[in-house]
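Here are my notes on the model, jotted down as numbered points. Have a look at the structure first, then read on.

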Amino acid sequence: MEEKLDRDAPLRAASANVHSKVFDDEVVILDMKSGTYFSLRASGVDVWKLIEGHASATRITEALGERFDAPPEEIATAVDSLLDELAASALIVADPSLDQSSPSPGREEKAPFTAPQVERFTDMQELLLLDPIHEVDDAGWPHTPMTR
Amino acid sequence: MGPQSSSEAARATVSVADAVARNRAAFEEAARGRERVLDFEVLGRTVRLRLAGDSLERDLTDALRHHALPAGASEPELEICAWDRHSTGVEPDLRGVPALGEEDPGKSLIHSPRTIVHGPNGFVTVQGTVPWAAQGFDAGRRAAFLWASEPSVLGAWGERTKPFLEILHAWLIDSPWQPIHGGAVGSPDGGVLLAGGPGAGKSTTVLSCVRAGWLYAGDDYLAVRTSDGEAFAANLYGSARLCVDMAERFSELRPAEIGAVSMNGIEKRDMILSEVLPPARFGAFPIRAILLPRIAGGSRSALRPASAAEASVAIGASTMHLLRVGASAAFEKITALAGTVPVHRLDLGEDIDALPELIGSEIGVGSE
């Protein structure tokens, strides 16, 4: 059973294996460890940008409430559902040691809310998982780099 | 030297630089009295290949020969030593490199367990729990090695059509260039990059444009870079891979065929295009658009808009699994490229001879 995220702890990408790129209306996330690509669209883009700023689940919900025209419960449910999925996919973790950034203020006119859309692509998964990899530091095998 | 047990491996310590240096020393022994030196120009830089005799020369240089330089004309920026056990009797020195994984008789040669050690300054890989190939790269010395148990394993491994791909990738990590899986055709003024998984129609599109006189930058692997808001494609290899059912439609390329491979149930013909194209037809050019082909059926091909994210996934999904070092840099370069130029889906119909005109008129690129 996955542990639920601490809603008040700052969030971040789970490890150095997680790479992401924000385009205009879509975020591409690659998890090299599992070999899976993810695409986030609609309000999922806003959520990912806030995660990059180390916002907590609570702050993300508040920030989306300021930006989008929808009942608070609808936004909270959509945010929780997305964050649970990202955490279950080992893309994000809560990290109480981080400082939270302040989300940028909402627009004067709220935009219509569209729930986050997540798509996953597993095309390279089989290829990536074929080979055992041993990451080593300058001292060589079996000395592995400190976990980031 | 035989394979190690996992407990021996766990006790061993090896640095990538030491492992590469020891194997280059093994090469010196293998090459004594029969060394061959060949220089190539790769992305404007000299790469020197040192061979122990001529047993690996064909398999390792067929796809690079159109980049050949007079040997010794300039100092190399990368030196690769290559030898095989069959002709020299010399083993690689894999002491301390862990050999993990179990042999699986049901798997093909290319899927044999592979052990990889990589660090901040290079990598060493070993193919098979009983090693049948190994390679490594030391970024500090810009030095690499490649060993094969016998020449025939290079073809099964895919090295004949994309020799030294992992070494070249590791060598280019700190440069603007990134080797990717894809195709590119155009003219000195601009061209298109084609991306997608096996069987998507990249090669069909590329070769239909080559037939129409376009410059060829690549069909399977090529290099790309992005700078100052412009993206560029450049040729690495003179090789191409075409689905066997399409090979009949490109009968003029038959003299270039060197063999067949089966990947994910799709049979493909390997070709060395320098057999049928002059060196001037291989080149580099600005990328004006990324096309994501797919076999759509129907009579006519068509272009429709797609997103930078789709392009990132299409390029990355078939590229990143090969690039076991520098993943972060590769991801940055690939996504930067995808965000720089327009992206289109290319729905491929039966009219493959019309593709050069369609792409040329819609994207504004084409032959000289």
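1. Helices here are DSSP runs of H or I with at least four residues, strands are E runs of at least two, and both are numbered from the N terminus. Counted that way, chain B has eleven helices and 20 strands. The radius of gyration of chain B (taken over C-alpha atoms) is 21 Å, close to the 21 Å from the globule rule for 368 residues, so chain B is as compact as a globular protein of that length. That rule is 2.2 Å times the number of residues to the power 0.38.

2. A word on ground rules: this is a predicted model, where local features need pLDDT of at least 70 and side-chain atom pairs count only at pLDDT 80 or more, while totals for chains, interfaces and linings use all residues. Residues are numbered from 1 along each chain as its sequence is written, and chains are lettered from A and ligands numbered from 1 in the order in which they are written.

3. The C-alpha trace of chain B spans about 60 × 40 × 40 Å along its principal axes. Of its 368 residues, 53% count as buried (20 or more other C-beta atoms within 10 Å of a residue's own, C-beta atoms being placed from the backbone; 12 or fewer is exposed, in between is partly exposed).

4. Over in chain A, helix α2 (residues 57-67) has buried residues including Ala57(A), Ile60(A), Leu64(A) and Arg67(A).

5. Asp84(A) sits in helix α3 of chain A. With 14 C-beta neighbours inside 10 Å, Asp84(A) counts as partly exposed. Asp84(A) and Leu5(A) are 79 residues apart in sequence, yet 7.3 Å apart in space, C-alpha to C-alpha.
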